[in-house]
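Keep the sequence and the 3D view open, and try each task before reading its solution.

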Amino acid sequence: MKEEILRGLTDSVVSGDVEKCVQYAKRALEAGIDAYEAIMEGCARGMSLVSEKYEKGEMYVPEILCSAEAMYAAMDVLKPHLKTERVGTPRKVVLGVVRGDIHDIGKNLVKLMMEAAGFQVIDLGRDVPNERFVEAVLKEGADICGMSALMTTSMIFMPEIIRELKQKAPATITMVGGGPLSQELAKAYGADGYAKDAAAAIRVAKELLSRRGGM
Amino acid sequence: MSADRMKPGERLVAVLMGQKPDRVPVSPFILGYAAKIVGLPIGDLYTDPKKSFRAQLLCAEMHGYDSSPMYGYAAVGAWEFGGKVGFPYEPGQSAPYVIKEPVESEEDVDRLEVPDPKNAGSVPIAMEIARQCYASGLPAVFQSGEVLTYAGNIMGPTRLLTWMIRKPELVHKVCKKVEEFLIACAEYFTSTFGADRCIAFAGGPIESNKLISPKQFEEFVYPYMLRIHRKILDMGVQIILEHPCADQNKNMPWYRKLREECGWRGKYVWNFGPETPLETQIAQFGEHDVIMGNVDPPSFQFRSFEEVLLLCKENIERGIKNPSGYILGPGCEMPPLAPPINVYAMIKASREYGRYG
């Protein structure tokens with residue numbers, strides 16, 4: 001029965017079925033399944049499958065957004081029942097679209113995938129001034145600072161933020177992504193990582209954290 | 001390096017007429033860059049038609065490239081249908097952006113009215129630039145799509161993309177209204193200048209396969225695009241500049257089908273993003289259409305002159321094989337902050353590697 005409920009959660013996240021997802025979340029609680037396990041083995045597994053399908057070109061953004069709706073609806077049911085000792089301390093990610101840029105679909109997808117993967121995301125939104133990235137990283141003690149840009153005019157702020165972070169928070173991993181960026185440009189900007197899309201962002205983040213002995 | 005036999009503009013006309021010019025024409029898809037070149041804020045390029053026209057004309061004259069002034073931007077649709085846009089006057093900004101979408105709820109969809117192009121948002125600005133082009137003997141360019149990009153700006157991209165699954169009938173309602181508007185725009189421009197003096201320009205990022213599937217393109221883009229193109233061609237417009245923005249490789253069969261279902265009428269200029277190989281485009285459209293392409297745009301900003309020259313050379317060597325003509329250009333708008341020497345690299349590459357025997 002436990003397996004059936006968890007698989008139901010996973011499947012309804014993948015299919016973006018909000019009603020079913022909520023039903024399975026309630027059934028999980030009724031069946032005495034630990035809320036954390038339901039989130040990780042049900043919802044997060046579903047989003048992980050979504051991420052894989054997106055990378056393979058089997059799912060696109062409209063479907064991902066619906067999966068996200070379903071996942072968040074289930075999380076709303078499950079979260080109040082989380083036992084704090086099971087959760088541990090999640091890795092913190094400060095995320096935002098750089099100054100002058102309001103294109104946030106990519107950033108929102110990264111946020112969604114990261115939350116589903118167990119990261120705590122501090123979302124600074126879009127058109128974020130350089131100093132806000134640095135302030136947020138210092139205030140939150142963030143493990144990762146992720147910067148997104150879609151414009152060639154706004155991506156030029158990334159090296160400034162990265163330089164500032166290297167001085168003030170040298171342990172923080174810096175990652176960049178967005179339309180005009182590339183691995184080559186990320187390297188030139190001094191970033192620790194580059195991700196071509198939201199699915200890759202999770203992989204790169206985990207890899208960089210594990211290299212630093214933190215994941 | 002031999003001297004140019006043709007003037008800028010003549011070269012482009014030759015290609016569009018199916019003739020061989022002296023060398024490959026260059027169309028660097030310049031908007032915000034022109035403002036930078038003449039010392040204006042980029043915002044002026046989108047708000048002041050006189051300054052915009054002059055900046056684009058002087059920029060073309062300074063560099064010696066072949067394309068002429070035009071007006072358009074990716075956030076189009078919101079302002080025209082009653083929302084609000086901001087203009088790029090702040091650091092980091094490069095194009096107009098949506099501040100308030102006219103559709104924020106399901107009820108708004110039915111309330112949404114098809115505006116009169118004569119006073120809809122940016123259309124009067126586009127019309128004024130087109131008037132100045134016309135008066136100078138240049139083509140009058142008007143924006144004719146893409147429908148889903150307009151719809152995304154009208155209702156916000158996240159709402160649009162979610163409703164494509166949850167409430168597709170509402171997305172279709174908005175798309176239908178956009179279709180009506182775009183056809184009205186085409187009528188406005190062609191009746192003002194004559195269809196033979198107009199170029200239709202369509203393009204937008206929301207159709208990209210980074211966001212939607214080819215199946216969704218089939219349902220939410222293709223039927224509208226087909227009807228609009230048929231109408232525009234029926235009006236007598238001969239040249240359509242089609243810019244499938246970003247990665248649209250999986251939509252290629254639909255673009256091909258569009259040409260087939262329109263009976264290959266008119267001359268299309270295809271400007272795909274750098275993700276689409278020139279060879280693929282030549283295979284699909286080469287028997288009839290011009291290929292404009294498609295050097296990676298960010299390279300103009302961060303690569304050296306020598307590197308950009310090499311990229312242009314490689315693009316020319318592949319594109320020049322198109323039997324119906326080729327134009328050298330970037331795969332999307334030229335970055336406004338590109339060093340001028342890298343725009344010159346396109347002209348130099350055309351002169352050195354793009355001569356027709």
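Contact here means heavy atoms within 4.5 Å. This is a predicted model, in which local features need pLDDT of at least 70 and side-chain atom pairs count only at pLDDT 80 or more, while totals for chains, interfaces and linings use all residues. Residues are numbered from 1 along each chain as its sequence is written, chains are lettered from A in the order in which they are written, and side-chain values use heavy atoms, with hydrogens and water left out.

**Exercise 1. Describe the contact between chain A and chain B.**

Step 1: start with the residues. Chain A brings 26 residues to the contact, and chain B brings 28 residues.

Step 2: turn to the area. Buried area is the accessible area (1.4 Å probe) that two parts lose on being put together, summed over both. For chain A and chain B this comes to about 2,300 Å², with 61% of it on carbon and sulfur atoms. Of the area that chain A buries against chain B, 26% comes from Y60(A), P62(A) and T153(A), more than from any other three residues.

Step 3: A salt bridge is a side-chain nitrogen of Lys or Arg within 4 Å of a carboxyl oxygen of Asp or Glu. There are two salt bridges between chain A and chain B; one of them joins the side chains of R166(B) and E69(A), at 2.8 Å from N to O.

Step 4: place the residues on helices, taken as DSSP runs (H or I, at least four residues; strands are E, at least two), numbered from the N terminus. On the side of chain A that touches chain B, α4 (61-78) and α9 (183-189) of chain A each supply at least two residues. The most comes from α4(A), with six residues.

Step 5: sort that side of chain A by class. It divides into 15 nonpolar, six polar and five charged residues, where Ala, Val, Leu, Ile, Met, Phe, Trp, Tyr, Cys and Pro count as nonpolar, Asp, Glu, Lys and Arg as charged, and the others, Gly among them, as polar.

**Exercise 2. Characterise the largest cavity and its lining.**

Step 1: On a 1 Å grid over the protein atoms alone, a cavity is a set of points where a 1.4 Å probe fits but cannot get out, and lining residues have an atom within 4 Å of a point. Grid points are joined across faces, edges and corners, and a volume is the space filled by probe spheres set on the points.

Step 2: count and size. The structure holds one cavity of 30 Å³ or more, and the largest cavity has a volume of about 110 Å³.

Step 3: read the lining. Among its residues are Y71(B), E80(B), F142(B), Y150(B) and F189(B). At least two residues each come from α6 (123-135), β3 (140-145) and α9 (168-193) of chain B, and α9(B) gives the most, with three residues. By class, the lining has nine nonpolar, two polar and one charged residues.

**Exercise 3. Find the backbone features at E146(B) and D127(A).**

Step 1: go to chain B. The peptide bond from G145(B) to E146(B) is cis, with omega near 5°. E146(B) sits in the loop between β3 and α7 (147-155) of chain B.

Step 2: go to chain A. D127(A), a residue other than glycine, has a positive phi near 50°. Its place is the loop between β2 (120-123) and α7 (130-140) of chain A.

Notes: 1 Å grid on protein atoms, 1.4 Å probe; cavity = no way out; pocket = protein on both sides within 12 Å on 5 of 7 lines; lining within 4 Å.
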